[in-house]
Amino acid sequence: LRTYLKETPVFKAIQARKEISKEMPVKQVLKTHKTAVAIGMLFTWFLTGCVVVVILAMPNLLTGTFGFERAQTFEMQSAAIVMQMVGCILAGYFADRFGCGKVMMVGALAVALTAAVFYNSLGHAAHSTIFGLYMLLGLCSGTVGMVSSSMVKMFPAPVRFSGISFSYNLSYAIVGGMTLPLVHWLSQYS
């Protein structure tokens with residue numbers, strides 16, 4: 001694939017001006033873009049929570065801990081995935097109007113509030129209520145569609161690839177392996 005791909009006009013312009021860093025780009029990222037790396041890592045954790053916990057791990061929690069049938073959880077998960085796709089589109093639409101930062105903040109708050117209501121309702125509310133809350137949680141978690149766009153804007157072109165890949169991969173190495181065990185451990189207490 002690499003032999004058929006062309007560099008972007010932005011990168012070609014950087015090459016022409018000889019602005020490509022002589023030192024390792026990740027070193028430059030860590031030296032001059034620490035805040036962007038930290039925010040990128042938080043965004044990656046948010047992405048992990050919304051996809052891994054809300055979408056991928058939820059069926060096991062619902063069937064194992066709360067006694068839902070597999071068919072019910074599959075329906076709920078499928079609806080939540082569709083709603084997450086709709087949420088991604090809506091987040092993009094609102095980001096065009098109000099900016100990525102505002103949409104990310106409102107979306108993260110909406111995910112937190114909806115998740116609190118959803119998880120507190122498990123074991124107490126009717127199946128239809130849980131189904132509706134799970135769909136709403138899926139919709140709110142569509143905010144993760146803004147993560148990639150936001151991370152692209154956080155790093156300047158000469159170090160963009162290094163900045164995004166470093167913050168994403170480091171964060172995912174840490175929270176990707178810890179998030180599900182943490183959720184499992186917390187579910188023993190609540």
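Three helices, α3 (34-64), α5 (100-121) and α8 (160-187), each put at least two residues into the lining of the largest pocket. Helices here are DSSP runs of H or I with at least four residues, strands are runs of E with at least two, and both are numbered from the N terminus. This is a predicted model, in which local features need pLDDT of at least 70 and side-chain atom pairs count only at pLDDT 80 or more, while totals for chains, interfaces and linings use all residues. Residues are numbered from 1 along each chain as its sequence is written, and side-chain values use heavy atoms, with hydrogens and water left out.

**The largest pocket**

- Rolling a probe the size of a water molecule over the atoms shows where empty space is left.
- On a 1 Å grid over the protein atoms alone, a pocket is an open set of points where a 1.4 Å probe fits, with protein on both sides within 12 Å along at least five of seven lines; a cavity is a set that the probe cannot get out of.
- The largest pocket holds about 720 Å³ of space, where volume is the space filled by probe spheres set on the points, and grid points are joined across faces, edges and corners.
- Its lining runs to 24 residues, with V53, A115, Y119, V183 and L186 nearest the centre; a lining residue has an atom within 4 Å of a point.
- By type, the lining of the largest pocket splits into 17 nonpolar residues, seven polar and no charged.

**The chain overall**

- Of the 190 residues in the chain, 33% are buried (buried is under 20% relative accessible area, exposed is over 50%, and partly exposed is in between, with a 1.4 Å probe and protein chains only).
- Among contacts with a separation of 6 or more, 77% are between residues 24 or more positions apart (a contact is heavy atoms within 4.5 Å).

**Aromatic pairs**

- Searching the whole structure turns up five aromatic pairs. Rings of Phe, Tyr and Trp (its six-membered ring) pair if their centres lie within 6.5 Å; planes under 30 degrees apart are stacked, over 60 edge-to-face, and the rest tilted.
- F118 and Y134 make a stacked pair, at 5.5 Å centre to centre with 25 degrees between the planes.
- That pair links distant parts of the chain, with F118 in helix α5 and Y134 in helix α6 (residues 127-140), 16 residues apart. Both F118 and Y134 are buried.
- Y168 and Y172 count as stacked too, because their ring centres are 5.7 Å apart and their planes sit at 15 degrees.
- Y168 and Y172 are both in helix α8, four residues apart, about one turn of the helix.
- Y168 is partly exposed at a relative accessible area of 33%, and Y172 is partly exposed at 34%.
- Y93, F94 and F98 are linked into a cluster by ring pairs.

- Q77 is in helix α4 (residues 70-98), and its relative accessible area of 16% makes it buried.
- Leaving out neighbours within four places in sequence, Q77 is in contact with I55, L56, P59 and Y134.
- V37 is in helix α3 and counts as buried, at 6% relative accessibility.
- Setting aside neighbours within four places in sequence, V37 is in contact with V29, F155, F166 and S167.
- V37 and P59 are 22 residues apart along the chain, and their C-alpha atoms are separated by 32 Å.
- K34 also lies in helix α3, and with a relative accessible area of 57% K34 is exposed.
- From K34 to I130 the gap is 96 residues in sequence and 40 Å in space, C-alpha to C-alpha.
- A38 is placed in helix α3 and counts as partly exposed, at 39% relative accessibility.
- A38 and T3 are 34 Å apart in space, C-alpha to C-alpha, and 35 residues apart in sequence.

How values were computed: Nonpolar A, V, L, I, M, F, W, Y, C, P; charged D, E, K, R; others polar.
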